[in-house]
Amino acid sequence: MKKLIHISFFSLIAAFVITLNSCVKLKQISPTAVQASQLFKDSTGLSSALVGLYSTLEVQDYYGANYPMMCDLNSDNGVAGGYNNTSLNEFGSYNVTSSNIFIQNTYVAIYKTVATANAILAGESTVTGASQQYLNSVKGQALALRAMAHFDLLRAFGYHWDLTSPFGIPVVTTVQTSTGIVPRSTVAATYAAIISDLQQAATLLKSNTGRNPNYVNPAIVNALLARVYLYEKDYTNAAKYATLVINDGAYTVLDKNNFTNIYTSHNSKESIFELPFNQQNQSEYNATTYARPDAASTEVLFILNPNLQAFFQSRPGDLRYNLVDTLNPNGYLRTLKYASDIKQKDNSALVIRISEMYLIRAEALGRSSGLADVNMIRTNRGLAALTGADVPDDVTYAQVVADENRAEFNFEGHRYFDLARTGQVVNVLTPLTSLTVTIANSCYPIPLREISATGGTVVQNPGY
């Protein structure tokens, strides 16, 4: 199937209106549903298009569950459940192939976000009757979400850890024609495009005030910049933008008595960017990681790796271990982060939290200046603060930061990417499988159907 970057966004859709039916709040006209001439006539259509953009993030193959959960499955945090699903098992054995259906669907889903953002950016200039402030807000949000989508693609499908690599991703910044094909950019050029979008978004969104974790605002843009700069190894800017978010004052690391509210409530004080779900617009986090108290392992797709349990057992007093189900009557382990709201299945997608900003700054500042940020997380999760004597060298400190990231963000979609960006995929994952883990396993393959549909213009990652 010729998907996405080589097919016009609007050519995928018939010239009639299709309302989104996934939830009440999204029953508006989406740019995936109508022609641009109809959609971008006024601010009402533009507003509907923006809601449609956010809805592309919430599909199951993106932040509806699979994108972050696949990341943990392809690490030492998870193992595959389900009915002996071949595609899931490929992640569990760190041997994902280019025909993997999860990979194919996620690749298309994320590029759909890119295409929707491009449609809005191309169409908003034709809108009449809207204030410049509103137009700036819409454009800023579209640019930020396009940047996030491109970055998520780079983390998954590109050599994001190597700025000298030619294996970035196809960076798509215009509405594509039916014959348009975009080749892969270099990693450096991919980062440049992402950062450019975020910097433009920051300028456009300056007048947006107030804390709303469900829609892009200046703090979310700064948090994304902190994350991107960390991956790019620009530690000065990573620390700068993480500090801007920390000093914003709108976000708080919850203490050891309340931190589980992150998972049992919506829009906790920890949440910088959170995608909401409700009973009409359900996420798949509960269904894929918990299901019900007595669920068999065949019902749960993403199961907890005993290696993660052993990790927590080596950290006495870490209250995050309480988010691991060790009493399952069927004898397997699973995360309890999404065990609440079994009937409603309205578990949020926790895209960015303030805890990440502290750990980004801790890593970026290094051992001499970053330990206080590590201790901010540790002491609010039941652990004692570390002293300088506990981290006598940079190698020890790097492991401490990595361990805090693992303890804090397991089953939130960080671990595989953290291992890849720090060059630890081979060392950490090889002992867990009978297969040989190589540098190729530090990112996913480009889907085979994408290689075929572009006639090889989009080239495959080495080793696949």
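With 464 residues, the protein chain would have a radius of gyration near 23 Å as a compact globule, and its 21 Å agrees with that; the radius is taken over C-alpha atoms, and the globule rule is 2.2 Å times the number of residues to the power 0.38. Along the principal axes, the C-alpha trace spans about 60 × 50 × 45 Å.

A word on the model: it is predicted, so local features need pLDDT of at least 70 and side-chain atom pairs count only at pLDDT 80 or more, while totals for chains, interfaces and linings use all residues. Residues are numbered from 1 along each chain as its sequence is written, and side-chain values use heavy atoms, with hydrogens and water left out.

The protein chain holds 18 helices and six strands (DSSP runs numbered from the N terminus, H or I of at least four residues for helices, E of at least two for strands). Of its 464 residues, 58% are buried, meaning under 20% relative accessible area with a 1.4 Å probe, protein chains only.

Now let's step inside. The largest nonpolar core has 119 residues, among which Phe273 and Met357 touch the most other members; such a core is a set of buried Ala, Val, Leu, Ile, Met, Phe, Trp, Tyr and Cys residues joined through side-chain atoms within 4.5 Å. Helix H6 (residues 132-157) gives this core its largest share, 14 residues. Another core, of eight residues, lies apart from it and includes Ala362 and Val391.

Back at Phe273, its contacts (heavy atoms within 4.5 Å) beyond four places in sequence include Tyr54, Leu145, Met148, Pro213 and Ile352.

Technical notes. Buried means under 20% relative accessible area, exposed over 50%, partly exposed in between (1.4 Å probe, protein chains only).
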